[in-house]
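Notebook open, model loaded. I wanted to look up a few residues and write down what sits around them.

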Amino acid sequence: MSAPTTTPVSWIRRHQAPVAVIGILALALLVHFPIFTSSRLDVDEASIGSIAQGLLRGGHLYTNLVDRKPPLLFYVYAGSFWATGSNSLIPVRLLIVALEAATGLLIGVASCREWKHRVAVAALFVLGTATFPFNDAHAAGFEAFMLLPITLAWYWSRRGHAALAALALVIAVLIKQPAAFTVVPVAYNLWRRPDGRRQLAVLTATGGLTYLAVAALFGIRQFLFWNISSNGSYLGVYSMIGTIGVGLLSTATYAASHVVMVWLAARGWPQRRLNLDLWLWLGSAFVGVAVGEHFFGHYFFQMLPPLAALAATQIARVTLRSAMAVAGATTALWLAFSVALPRPDLPPYEAVVREVDRLTTKDQAVFVWGSYSEVTWASQRPMATRFPHTNFVTGVDQGRPTKGALADLCHDLDHSRPEVIVDTSPADLRDAGKVPLFSVAQMAAVMRSYEPVDDLDNVIIYRLSHPWQGC
């Protein structure tokens, strides 16, 4: 009787890295299957897409196209639209899935010696990215895109590469501002090295100069306003008691949802001095989640890399099969729940877009009252104002209106004179009914030039029918 062959095992061992990459990427695609099956857009995706289309028409970020977000992701979307010749979000959604898989593998490789433990950590991380409500988990948004650069910043700081860590951190901050809190573990890792002072000097100089150089490309004043100083109006949506309550509930929900990584991290608490940078990373990430006082699900993405890195310190001490079974079951439950659950805050937009297509040409501007950027993104019509939504003007979901936004809105409308105005306030889409269109005197004056032409589930569409009145 011949001996059993060992070729398959030997081949896998010889090719552990490519097998791991393929396996984790396949897992990431599996748990993010809704990107292929759903036409739902996250609010951020729709806003980013509309601004990206404006960039391709020759617009300028932070002048005639603005949002309270850093610039990098707008250009990623614009590049995708340009390369594909369409407004499809599938390419950027596939990109984010690949980046999440890469982040998980980086944490695993940086933290573990054996490939089975590296793959387990990467799998826990990837499963964790899908263990959120539908759009939090599957949107190609700011928080998901910043995961890899903040992880690279930590990785390079552990290896004493201050300049590389600084560049990665700047990239992360140019995607989402709270990534800046990752400077805490990065600075700690560099400071504790024998040449710590020099490393911190390199970190500060490289990061500061790179950030200011980018700001100068857009104009420092407007760049800093939309990236930093205007964000004060975003705070204070809830009372202090409400903020604490929402924060505790959200944190408990997502801790339970990521129970395996939380449990593994907790096992490492007695030896916390050995991995102090990871605990500093987790703590600073929670500050990044909490600083906006909103506690949306996708904000908790920032905590996933340090949580996975802490889990990696204990992964060799537990039964992998049981841990992965619990993590996989938890993610499967979230997927089933989030796909099946109705989402009234994600209204269908196709009927409105068909009507906009019928009433306008590709070059005619469209103005949407409310937060419904799906209309301009899907119709590929120019936004009538610099704002992707009117929450800047109304303060809905923003805490309070942005200073000067109403005057800017009026200026833009006088210039663009939109052919069509879509009013979402009667339908109260995404709380637009809190500030109805006709309750704003300047908008009531503008609407004297328009006549209603359609009512689609209380989304009222108006068309320019009289001489322009203006604000």
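My entries follow, starting with the ground rules.

**Ground rules.** I am working with a predicted model, where local features need pLDDT of at least 70, side-chain atom pairs count only at pLDDT 80 or more, and totals for chains, interfaces and linings use all residues. Residues are numbered from 1 along each chain as its sequence is written, and side-chain values use heavy atoms, with hydrogens and water left out.

**Salt bridges.** I searched the whole structure and got 11 salt bridges (a side-chain nitrogen of Lys or Arg within 4 Å of a carboxyl oxygen of Asp or Glu). I looked up Arg 158 and Asp 277, whose closest N and O atoms are 2.8 Å apart. This pair links distant parts of the chain, with Arg 158 in helix α10 (residues 147-158) and Asp 277 in helix α17 (residues 276-290), 119 residues apart. Helices (H or I, at least four residues) and strands (E, at least two) are DSSP runs, numbered from the N terminus. Arg 158 is partly exposed at 26% relative accessibility, whereas Asp 277 is buried at 0%. My cut-offs: buried is under 20% relative accessible area, exposed over 50%, partly exposed in between (1.4 Å probe, protein chains only).

**Asn 189.** What does the side chain of Asn 189 make a polar contact with? I found the side chain of Asp 277, at 3.2 Å. A polar contact here is a pair of N or O atoms within 3.5 Å; within protein, one must be able to donate a hydrogen and the other to accept it, and residues adjacent in sequence count only if both atoms are side-chain atoms. Asn 189 lies in helix α12 (residues 183-191) and is buried, with 2% relative accessible area. Leaving aside neighbours within four places in sequence, Asn 189 is in contact (heavy atoms within 4.5 Å) with Trp 154, Ser 157, Arg 158 and Asp 277.

**Glu 419 and Arg 463.** I noted another salt bridge here, closest N and O atoms 3.1 Å apart. Glu 419 sits in the loop between α23 (405-416) and β2 (420-423), and Arg 463 in strand β4 (residues 459-464), 44 residues apart. Glu 419 counts as buried because its relative accessible area is 15%; Arg 463 is partly exposed at 31%.

**Ala 265.** I placed Ala 265 in helix α16 (residues 259-267), buried at 4%. Ala 265 and Ala 311 are 46 residues apart in sequence, yet 4.8 Å apart in space, C-alpha to C-alpha. Not counting residues up to four places away, Ala 265 touches Trp 279, Leu 307, Leu 310 and Ala 311.
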